[in-house]
Amino acid sequence: MAFASSLLPVPASRVCASPAPELAAFSPAKKSVSLAAACRRRGPRHGVRVEVNESGSALAVDALSQVKHVLLPVLDRNPYLSEGTRQAAATTASLAKKYGADITVVVIDNKPKESVPEHDTQMSSIRWHLSEGGFSEFRLMERLGEEQKPTAIIGEVADEWNLDLVVLSMEAIHSKHVDGNLLAEFIPCPVLLLPL
């Protein structure tokens with residue numbers, strides 16, 4: 001599983017008195033490791049002390065334990081769901097079951113329901129995959145036939161329902177259904193992107 005960088009805060013135990021200026025170019029995921037290395041490199045002459053108490057996986061578990069409402073966007077028109085959507089559904093059900101969270105599914109397509117003959121099959125497939133994960137009750141929304149971009153719809157739903165996590169397969173980004181830059185900028189909660 002890949003976690004959004006906002007999901008893993010740097011613990012206070014890894015804080016250095018004054019970070020080295022060369023760290024500004026590193027990404028947040030590498031910054032905490034590089035920060036500790038920079039603090040060790042600068043040593044006691046600058047009054048720096050470094051302690052590493054928690055692992056990154058412990059932080060991820062702590063962050064996920066706060067999740068109470070998960071959004072599963074379905075963006076493909078495959079009536080039996082694509083591999084990425086099936087993986088996202090299984091992960092969503094697993095996380096929701098483990099942490100006692102609710103699930104909201106939003107089906108997004110720019111075509112109206114009447115123009116898609118396999119619509120009922122897709123709805124049955126979504127229900128089946130989530131029930132396999134132990135969820136027979138979940139909120140199902142359809143945003144069909146709208147001119148809005150899927151990324152904007154995901155952001156609106158996440159904001160409107162005050163969601164804690166969005167679970168999405170990288171397949172949606174690779175297929176150009178979702179813009180990864182807009183996703184990171186406008187979604188009001190952490191996004192869990194699953195590799196293919």
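## The main core

Start with the largest nonpolar core, which has 26 residues; Val105, Ile126, Leu130 and Val167 touch the most other members. Keep in mind that this is a predicted model. Six elements each put at least two residues into this core: strands S1 (69–74), S2 (102–109), S4 (165–169) and S5 (191–194), plus helices H3 (83–99) and H4 (119–132). H3 gives the largest share, with six residues.

So who sits around Val167? Not counting residues up to four places away in sequence, Val167 touches Val70, Leu71, Leu72 and Pro73, then Ala88, Thr91, Thr92 and Leu95, and also Leu192 and Leu194.

## Ser169 on strand S4

Ser169 is part of strand S4. Is Ser169 buried or exposed? Its relative accessible area is 4%, so it counts as buried, the cut-off being under 20%. Setting aside neighbours within four places in sequence, Ser169 makes contact with Gly84, Ala88, Leu194 and Leu196. Ala88 and Leu194 also turn up in the list for Val167.

## Ala152 on helix H5

Over in helix H5 (residues 150–160) you'll find Ala152. With a relative accessible area of 35%, Ala152 is partly exposed. How far apart in space are Ala152 and Asp179? Their C-alpha atoms are 9.5 Å apart, while 27 residues separate the two in sequence.

Technical notes: Residues are numbered from 1 along each chain as its sequence is written. This is a predicted model: local features need pLDDT of at least 70, side-chain atom pairs count only at pLDDT 80 or more; totals for chains, interfaces and linings use all residues. Side-chain values use heavy atoms; hydrogens and water are left out. A nonpolar core is a set of buried Ala, Val, Leu, Ile, Met, Phe, Trp, Tyr and Cys residues joined through side-chain atoms within 4.5 Å. Buried means under 20% relative accessible area, exposed over 50%, partly exposed in between (1.4 Å probe, protein chains only). Helices (H or I, at least four residues) and strands (E, at least two) are DSSP runs, numbered from the N terminus. Contact means heavy atoms within 4.5 Å.
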